[in-house]
Amino acid sequence: MTNDHQRLIGRVPVALYLCVEDAPAADLIAAHVRVFVEARQWSVALLAVDSAPAQPLISRPGWQAFTDALSERVAAGIVTWTHGMVHDDPAAAPTKHAAAFDRLGAVLRERGAFLTVAARPAVSIGAIPSRRSPGEHWRRRELTSSAAGLFTPRRAAGLGADPRAIG
């Protein structure tokens, strides 16, 4: 099936881009990003994983593979886990990550592509699928976020308690 045909039937080909030093963490995060992509009925055309977050973005082999995919029209956009994965300095403040992400997104839009993140801020309990308990949701979220280097997981006071709400 060609990319043009996929676009006609609503399947948008996207590239998944991750930059994580730890390979098992990259596998876990990629699984979560795939869920995000599949929920939008997009198709995964490419998965690129880099393992050197401190390396400049344009020098990373995975990012270069993505830019090639855009040039060849293999992918219409890129999905990553966090703003920091497409930033040259993973230790920079989140506001700097977001600003750089927005600038990069604007450049990609000028070229007919898009850039989005799969990680969402904490969601309300009502938004959790019924097949998962609130405790399971927070455990998965903490595991994925800690694997991405966002924060160190904290133990919840009770089953289903939001660890971020514990004072």
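**Note on the aromatic pairs, core and helices**

1. By the ring-centre rule, the count comes to four aromatic pairs. Bear in mind that this is a predicted model. One of the pairs joins Tyr 17 and Trp 63, and the arrangement is edge-to-face. The ring centres lie 5.2 Å apart, with 80° between the planes. Tyr 17 belongs to strand 1 and Trp 63 to helix 3, so this pair ties together parts that are 46 residues apart in sequence. Tyr 17 is buried, and Trp 63 is buried as well.

2. Another pair to look at is Phe 36 with Trp 42. This pair is edge-to-face too: 6.2 Å centre to centre and 75° between the planes. Phe 36 and Trp 42 are both buried. Phe 36 also has a charge over its ring. The charged end of Arg 40 sits there, 3.6 Å from the ring centre.

3. The largest nonpolar core has 35 residues. Those touching the most other members are Tyr 17, Val 33, Val 37, Trp 63, Val 79, Trp 81 and Leu 108. Elements giving two or more residues to this core include strand 1 (13–19), helix 2 (23–39) and helix 3 (61–71). The largest share, seven residues, comes from helix 2.

4. Helix 2 has 17 residues. From first C-alpha to last, helix 2 reaches 24 Å, close to the 24 Å expected at 1.5 Å a residue. Its buried residues are Ala 25, Ala 26, Ile 29, Ala 30, Val 33, Phe 36 and Val 37. Why do the buried residues of helix 2 line one face? Seen down the axis, they fall within an arc of 130°, so they line one face of the helix. The face turned away from this buried side carries exposed residues: Pro 24, Asp 27, Val 35, Glu 38 and Ala 39.

5. Helix 3 can be read in the same way. Gly 62, Trp 63, Phe 66, Ala 69 and Leu 70 are buried in this helix. They cover an arc of only 115° around the axis, which puts them on the same side of helix 3. On the other side, Pro 61 and Ser 71 are exposed. What covers the buried residues of helix 3? The cover includes strand 1, strand 2 (43–50), strand 3 and helix 4.

6. Helix 2 is followed by Gln 41, whose phi is positive, near 60°. Gln 41 is not a glycine. The residue sits in the loop between helix 2 and strand 2. Is Gln 41 buried or exposed? Gln 41 is exposed, with a relative accessible area of 51%.

7. Helix 3 is followed by Arg 73, again with a positive phi near 60°. Arg 73 is not a glycine either. Its place is the loop between helix 3 and strand 3. Arg 73 has 52% relative accessibility and counts as exposed.

Technical notes
Residues are numbered from 1 along each chain as its sequence is written. This is a predicted model: local features need pLDDT of at least 70, side-chain atom pairs count only at pLDDT 80 or more; totals for chains, interfaces and linings use all residues. Side-chain values use heavy atoms; hydrogens and water are left out. A nonpolar core is a set of buried Ala, Val, Leu, Ile, Met, Phe, Trp, Tyr and Cys residues joined through side-chain atoms within 4.5 Å. Buried means under 20% relative accessible area, exposed over 50%, partly exposed in between (1.4 Å probe, protein chains only). Helices (H or I, at least four residues) and strands (E, at least two) are DSSP runs, numbered from the N terminus. The arc is that of the directions from the helix axis to the C-beta atoms. Contact means heavy atoms within 4.5 Å. Rings of Phe, Tyr and Trp (its six-membered ring) pair if their centres lie within 6.5 Å; planes under 30 degrees apart count as stacked, over 60 as edge-to-face and the rest as tilted. A charge sits over a ring if NZ of Lys or CZ of Arg is within 6 Å of the ring centre and within 35 degrees of the ring normal. The expected span of a helix is 1.5 Å times one less than its number of residues.
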